[in-house]
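Welcome! Take a moment to look at the sequence and the structure below, and then we will walk through a few of the features together.

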Amino acid sequence: MLQNQREEVLSKEITKIILSYDKKNIKILDYGSGFEPKVASLIYQKLKKSGVNRIQIDCYDLYKNLNLKNFNRRKFINFYKISSLKSKKIKYDFCLINDVLHHIGIHRKDYLRKLLAQLKNLSHCLIIKDHFQYGILTNFTLRFMDFIGNYYNDVNIPKKYFDKKNLTNL
């Protein structure tokens, strides 16, 4: 409906952040990247056009073995089960956490803190993007948008989203 406008804007902003570090070899962990990692693909393309020599993007999500078999046919992005993160010894430059935390549940603060600490140990820089709700109307809008964007992937749609204070406290 929006012809990837959201993904274009998000990938452009994330690419700017990554390029500000002036590295020629970049390793990116995309946590909760989903079944259509359009943002990761666009970031890859933008980094390539900007002259980055080597780019490694590893996407982690709740993939099944069949998903991994199909997804890992791509040449420039690797896909893994989230459970395999614990055994990873690689250090990433950046960890992307785009619109994921609210699906885990904003009420699971201890779990989210441990997760963020784990991801920070695996990467030099966390880039977190999530939705904010400001009241009933934005809550309804976010739930509707989440449903439209995720209905085909059986993703949990939260009842409540972060506000700035909750995310800052996390």
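## A term to start with

A residue counts as buried under 20% relative accessible area, as exposed over 50%, and as partly exposed in between. Glu13, at 38% relative accessibility, is therefore partly exposed. Please keep in mind that this is a predicted model.

## Strand β1 and its neighbours

Strand β1 covers residues 25–31, and five of its seven residues are buried. On one side of the story is strand β2 (residues 54–61), which pairs with β1 in the parallel sense over seven bridges. Here Lys27 has Gln56 in β2 as its bridge partner. Together with helix α2 (residues 38–49), β1 and β2 make a right-handed β-α-β unit.

β1 also pairs with strand β4 (residues 92–98), again in the parallel sense, over three bridges. In this pairing, Leu29 has Cys95 in β4 as its bridge partner.

## Salt bridges

Side chains of opposite charge can pair when their charged atoms come close. The model has seven salt bridges. One of them links Lys16 with Glu13, with the closest N and O atoms 3.3 Å apart. Both residues lie in helix α1 (residues 5–19), three residues apart, or about one turn of the helix.

Another salt bridge joins Lys129 and Asp99, at 2.8 Å between the closest N and O atoms. Lys129 lies in strand β5 and Asp99 in the loop between β4 and α4, so this pair ties together parts that are 30 residues apart in sequence. Asp99 is buried, whereas Lys129 is partly exposed. Salt bridges with shared partners join Arg6, Glu7, Asp99 and Lys129 into one network.

Terms used: Residues numbered from 1 in each chain as written. Predicted model: local features only at pLDDT ≥ 70, side-chain atom pairs only at ≥ 80, totals over all residues. Heavy atoms only, no water. Buried < 20%, exposed > 50% of the residue type's maximum accessible area, 1.4 Å probe, protein only. Helix = DSSP H or I, 4+ residues; strand = E, 2+ residues; numbered from the N terminus. Pairing = 2+ DSSP bridges. Right-handed = clockwise from strand over helix to strand, strands pointing away. Salt bridge = Lys/Arg side-chain N within 4 Å of Asp/Glu carboxyl O.
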